[in-house]
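Here's a quick briefing to read alongside the coordinates.

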Number of protein chains: 4
Amino acid sequence: MLHFECDYLAGAHPRILQRLVETNTELFPGYGGDPYTQRAAEKIRTACGAPDAEVFFLVGGTQTNRIVISSLLHSCEGVIAATTGHVSLHEAGAIEASGHKVLQLPRHAGKLDSNELSEYLNGFFTDVNRDHMVFPGMVYISHPTEYGTLYSLAELQSLSAVCRQYRLPLFVDGARLGYGLMSRDTDVSLHDLAELCDVFYIGGTKVGALCGEAVVFPHGNAPKHFFSFVKQNGALLAKGRLLGIQFDTLFTNRLYFEISRHAIDMAERLKAIFIQKGYELFIDSPTNQQFIILDNDKLNTLKNHVTFDFWERLDSSRAVVRFATSWSTTAEDIDALEKIL
Amino acid sequence: MLHFECDYLAGAHPRILQRLVETNTELFPGYGGDPYTQRAAEKIRTACGAPDAEVFFLVGGTQTNRIVISSLLHSCEGVIAATTGHVSLHEAGAIEASGHKVLQLPRHAGKLDSNELSEYLNGFFTDVNRDHMVFPGMVYISHPTEYGTLYSLAELQSLSAVCRQYRLPLFVDGARLGYGLMSRDTDVSLHDLAELCDVFYIGGTKVGALCGEAVVFPHGNAPKHFFSFVKQNGALLAKGRLLGIQFDTLFTNRLYFEISRHAIDMAERLKAIFIQKGYELFIDSPTNQQFIILDNDKLNTLKNHVTFDFWERLDSSRAVVRFATSWSTTAEDIDALEKIL
Amino acid sequence: MLHFECDYLAGAHPRILQRLVETNTELFPGYGGDPYTQRAAEKIRTACGAPDAEVFFLVGGTQTNRIVISSLLHSCEGVIAATTGHVSLHEAGAIEASGHKVLQLPRHAGKLDSNELSEYLNGFFTDVNRDHMVFPGMVYISHPTEYGTLYSLAELQSLSAVCRQYRLPLFVDGARLGYGLMSRDTDVSLHDLAELCDVFYIGGTKVGALCGEAVVFPHGNAPKHFFSFVKQNGALLAKGRLLGIQFDTLFTNRLYFEISRHAIDMAERLKAIFIQKGYELFIDSPTNQQFIILDNDKLNTLKNHVTFDFWERLDSSRAVVRFATSWSTTAEDIDALEKIL
Amino acid sequence: MLHFECDYLAGAHPRILQRLVETNTELFPGYGGDPYTQRAAEKIRTACGAPDAEVFFLVGGTQTNRIVISSLLHSCEGVIAATTGHVSLHEAGAIEASGHKVLQLPRHAGKLDSNELSEYLNGFFTDVNRDHMVFPGMVYISHPTEYGTLYSLAELQSLSAVCRQYRLPLFVDGARLGYGLMSRDTDVSLHDLAELCDVFYIGGTKVGALCGEAVVFPHGNAPKHFFSFVKQNGALLAKGRLLGIQFDTLFTNRLYFEISRHAIDMAERLKAIFIQKGYELFIDSPTNQQFIILDNDKLNTLKNHVTFDFWERLDSSRAVVRFATSWSTTAEDIDALEKIL
């Protein structure tokens, strides 16, 4: 059986495991007070071109979204997200459980549109009944999106400009950020993110780590008591080194980018094969997730040989499925898939 | 410099790391759907003598306390704990942040007394104003306690009996459970816990794992939607294997107990040395944490050579400090400490 | 200036004030322990044909929606409501602040459709990813709706049947319930509500009281600790008599229905005048709220003479406005409005 | 039967009811947009000597405590209160339900001691583990306290000075403020409160109103979105006039102070009788609540003739009970009680 259902099928990139083994008997204070965590933060600051950035290492994606969002919102505020945003649908109500509404705007290939955002904000702040409604308090986007798509630099600049006009923090969920940065089809760099966003995270779990997400407040703008808030929300590891060593390794010799590039290469080959074999793409994704339309028969046949993720039903006879690549996807996997398709 | 400040100074027991390396390229579904997680749960059921137990793997201690407690309490209920309970003091308000009061009872060497508990509950349920107060909804104890002390089987049975009389779940925080089970001074087994408690956890982080706590509902009594609640609270790992493989290893060939026994042996030697050198124990702990009284001069001299945890000031000239052992403490460390003392 | 902007423009119906004056020096225990509160509850049980009903008196509508909904939902559950439901839009995020998502379904003249509900629930409970999503935990409707429309008995029965199939409580927000019950166009009675719903409330604030909403759990099915939950949420009055006396009066000699009928009569006359004068109705409401389409010029002229509520913009040249009647609307008010229109 | 169990036994002071009747048919916008609410706020600003004060009218005490406290605290902060503070014990966990810990300090006749407060704060902010604990975020006191006692101006100044040193808001629960201000034994005025506190409320429910508490931010320092926060928490009345008219009346011709003075006069007579008859005071209260020690026999005899509040058991043969006076207590009631004692 071939496996393409997601990008967290295997353990960690071997270089990460190797470093965990090499450093295992070194003794450090807990809770991120170890030198590797400090070093990882410094390397991330450098990679982002953001010397004032504050960097925190959390464990997983839903956790990070919940903590960052609820740390930045006032009780009367909600977070704006696309209807297909991860926080809107697939986090078991984590945002609402922290007390905040997800204010949904339409998505366009998974993305928010800055004009629609601007129109919504203008409408809200001129509504005489606004004091009885949920105030928009920040904007959430993911890059890549749930559909593997990317914001162009111009789109990101427009969103950022609208956010700054209304003094709303712009938060970028980068659970798969590496695949966005190393896509052949992007003009957005880490430096751009650090300049245009108020907070973003560099996903580890889905980009070769065992676990871990690096939250970056690029302008030294972490909210008050953020460390304690992370603790209160159960996201502070006693052995913080587990995150520090992983991110130190990911940001040494560009491993993070190397891993991402490899997955992109595999995904590009996979997409080319699908196209060549006459399959229809649901969306033309430039990242490590590919969304393919399968008719029911094909779907049922294929799933005997390869795992993929059922995404959504298109109509009674067709469905959208997702194939994902990662550090562990090999050229042999792609070759084998080609034979099956 | 020697290090004795806590039991999470090093990485994981080498056998755990080795298994992470060996299994790294195996491909599994996420979120605990992998075979190692299933196997670890099964081994824990066996070790507990609780074939109906439901087992969930969470990441850290504060997280586990918050999630277990808030999953079991009604909105109008609080959790009873000793004034020195970890949830009372050192979790940044995690329990209250989930909406619940910590109802504090006096501690006796870190422990709750079942008579005092019974008296409190009787007082509460006969108070005519109780509908304007916080209902006691469960009882939290830790074993070992914050002071390294242990409940005897008889004490645990008494507490359990009071809890059952009032239909209150009894929750045992076992962040350091191994050190309790392998103490030379205990008559409490995993089977006893599974019989007497409604939920407890087997701590991994402080007993040789990189991270991870195994929550056990011994009577198949996990609350409704517990899996989703874990997700909502940001405690569900995409690469659930990280926890599954660690606990599978810990419960293979009794590694969990072997690690704990080693730390106990080191702690017993350490305690003997302190006594022999004329130091005063603050409390006579039978587990891996030793609480020593130091006068200010001694404290200041010692801390140039060895790290330990400042616990509390006793009076103006003396303080209580904690020395802890773990899987990584060596006989050489103890010998070196002996020379320094 | 004439006033038609809402149904809470004046104080209380004079008979209510009179009873507050008459009973003012009687001395009673607080928090609803007075005989009037008990008597009001008994009269409501009788009016509902629900001898087992539990009745609680709360102060206002948003408060009641928040408390009822959050008392019935599990942490992982959300409440289903129409996109135009009051809880979806106009309560400043009160539901989310209590930790729960509002799961929005399309509205049809302000109402939920039972087929769409059934389809959504079936889709949810067969979705393999449902454990990562928000579980539907109850259904919220209002009767009358935000648009003054009413469910037919058949529609209510269908909704109730779907809810019971999925074991979801059905909650009816009756902030304006009297106007629904006394509409000339309804076949739904209080007895029907008591039979078909799991909880509903009989609105006082907007039907002639100073404040107050009577929450009815018709099958004696109030959740555990509901009284304390009301207290905890700040909705328990020390002088509970204020609510008890008002509802006792409203349910003596059918005052509640008399008030409602009067407002309906006024609204029917008002609607007839609008139609006769050639105005376009946005929706044909059978209750005390009338939604009229005005072009911009008319709107600007009218608002110099009469107050009404701006509801929503229809297009660049037209808007929807609301006219409401209540116990305090007089025939003279309607006559005066007729002259202005 | 005579009634002395609390100060909310009767309805409202007649002048309040009269004004509700007189204004009943005047038509106003809702939610506090009426002229009486504006006028009441203005009169309160004048009475406080605080022209910049922001004034909000809420419905009840627990509600006000919860909303004010949670509006001012950061997620990682708790509120400091005496162990006997109302928020510590008798509000069904309302503060914790809003996510915050009540940090308890010892009480002295119901009061906080500024030296102990200072010592606690100094200890906290120099504790190396403070980031794992709950930050003190504000100080809550009540005046009068739960035991009817009063802070002297010097005590209040000391507390205020400590709070300002640590930049912690000082919040005074004035549920019974009138009785404090009109005590014969106080040197604290409304002007002092407005100067020394950051927020306080002027209790209406227990000082002659049907309901209502006036929250005063004396320095124009209400937190962002406070109006919406009140709405979100279900404390905003649609017929806001109910509160506005009551407080307008209370602050017209000093009715608030007249009511309070009357109750104080009655309480002083009552206390004199108890002393003269040889009863022992539990505490020497200068306000409208008197705490008397009764032996069990006396208690059982008395309660056949008069209602009072059981406060706490002193020992096996004696208990503390509370007698309270209010606007509705008459000289005849006191005379009748004298005969019974």
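Predicted model: local features only at pLDDT ≥ 70, side-chain atom pairs only at ≥ 80, totals over all residues.

**How the copies relate**

- Of the interface residues of chain D, 100% are interface residues in chain B too, so these copies meet through the same surface.
- Chain A can also be put on chain B: the rotation is 180°, the shift along its axis is 0.0 Å, and the RMSD comes out at 0.0 Å.
- Here, too, both copies use the same surface, with 100% of the contact residues of chain A recurring in chain B.

**The A–B interface: size and main contributors**

- On the contact count, 46 residues of chain A touch 46 residues of chain B.
- Putting chain A and chain B together buries about 3800 Å², and carbon and sulfur atoms supply 60% of that area.
- Which residues of chain A lose the most area to chain B? They're A:Leu27, A:Gln232 and A:Lys239, and together they account for 19% of what that side buries.

**The A–B interface: polar side of things**

- If you go looking for salt bridges between chain A and chain B, the rule finds 0.
- Polar contacts are another story: 22 residue pairs make one across this interface, counting pairs with both residues at pLDDT 80 or more.

**The A–B interface: where the residues come from**

- Five helices of chain A each give two or more residues to the side that touches chain B: H1 (14-22), H3 (61-72), H5 (94-97), H10 (226-232) and H11 (241-250).
- H1(A) provides the largest share of that side, with 4 residues.
- By residue type, the side of chain A that touches chain B splits into 23 nonpolar, 16 polar and 7 charged.

**A helix check in chain C**

- Helix H12 of chain C covers residues 255-276, which is 22 residues.
- At 1.5 Å a residue, H12 of chain C should span 32 Å, and its end C-alpha atoms sit 32 Å apart, so the two figures agree.

Notes
Residues numbered from 1 in each chain as written. Chains lettered and ligands numbered in written order. Heavy atoms only, no water. Contact = heavy atoms within 4.5 Å. Least-squares fit on C-alpha atoms with pLDDT ≥ 70 in both. Expected span 1.5 Å × (residues − 1). Buried area = accessible area lost by both parts, 1.4 Å probe. Salt bridge = Lys/Arg side-chain N within 4 Å of Asp/Glu carboxyl O. Polar contact = N/O pair within 3.5 Å; in protein donor to acceptor, adjacent residues only side chain to side chain. Nonpolar A, V, L, I, M, F, W, Y, C, P; charged D, E, K, R; others polar.
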